[in-house]
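My entries follow in the order in which I made them.

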Amino acid sequence: ASWVSTGPNPAISGEQLSNVLGSDALTGLAGKFGVNPNELAGQLASVLPGLVDKLTPDGQVPAAGLGNGGDLMGMLGGLFKG
C-alpha cells in the first residue's frame, strides 16, 4: 500500500522479496531472464518500489488496471538485458 500511495516508497531487501515470492517463483523468473535468483531478487528489490509508484499515478491503481503479466514481464526483461 505504501508504494501505491503518494508518500515515500519504503525499500525492500532481496531477501524479503525472496520470502514473498518464494524460491520456486523466483527461480522460474530468474531462468526466464538468464540471471541468478539472488541477483534477480536484489535487482527487483531496487526497482520494484519505483516501478509500482510509476504504475500507480496519483496514489491509485488506474481504472483500466496495471496491464497484463506480459506487459510487466516485458518491462522487467528490459531491465535485465545488456
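**Entry 1: helix α2.** I took buried as under 20% relative accessible area, exposed as over 50% and partly exposed as in between, with a 1.4 Å probe and protein chains only. I then listed the buried residues of α2 (residues 23–33), which are L26, L29, A30 and F33. Seen down the axis of α2, these buried residues fall within an arc of 100°, so they line one face of the helix. The arc is that of the directions from the helix axis to the C-beta atoms. An α-helix has 3.6 residues a turn, so residues three or four places apart point the same way. Just after α2, I noted G34 with a positive phi of about 70°.

**Entry 2: source and confidence.** I noted that this is a predicted model, in which local features need pLDDT of at least 70 and side-chain atom pairs count only at pLDDT 80 or more, while totals for chains, interfaces and linings use all residues. Residues are numbered from 1 along each chain as its sequence is written, and side-chain values use heavy atoms, with hydrogens and water left out. The mean pLDDT of the chain (the predictor's confidence in each residue, from 0 to 100) is 80, and 78% of the residues reach 70 or more. Confidence is highest in α1 (residues 14–21), at a mean of 91, and lowest in α4 (residues 69–79), at 59. Where pLDDT is low, the predicted coordinates should not be read in detail.

**Entry 3: the whole chain.** I counted four helices and zero strands, in the order α-α-α-α from the N terminus. Helices (H or I, at least four residues) and strands (E, at least two) are DSSP runs, numbered from the N terminus. Of the 82 residues in the chain, 27% are buried. Among contacts (heavy atoms within 4.5 Å) with a separation of 6 or more, 62% join residues 24 or more positions apart.

**Entry 4: α2 against α3.** How do α2 and α3 (residues 37–55) cross? Their axes come within 9 Å and cross at roughly 90°. I used axes that are lines fitted to C-alpha atoms, for helices over the stretch in contact, with angles from 0 to 180 degrees between N-to-C directions. Angles under 35 degrees count as roughly parallel, over 145 as roughly antiparallel, 65 to 115 as roughly perpendicular and the rest as oblique. α2 and α3 are therefore roughly perpendicular to each other. On the α2 side I listed L26, T27, L29, A30 and F33, which meet P37, L40, A41 and L44 in α3.

**Entry 5: α1.** Which residues of α1 are buried? I found G14, L17 and S18. They cover an arc of only 105° around the axis, which puts them on the same side of α1. E15, N19 and V20 are exposed on the face turned away from that buried side. The cover over the buried residues of α1 includes α2 and α3. After α1 comes G22, with a positive phi near 90°.

The axes of α1 and α3 come within 8 Å and cross at roughly 100°. G14, L17, S18 and L21 of α1 make this contact with A41, G42, L44, A45 and L48 of α3.

**Entry 6: V52.** I ended with V52, in α3. Leaving aside neighbours within four places in sequence, V52 contacts W3 and V4. V52 and V4 are 48 residues apart in sequence, with 6.4 Å from C-alpha to C-alpha.
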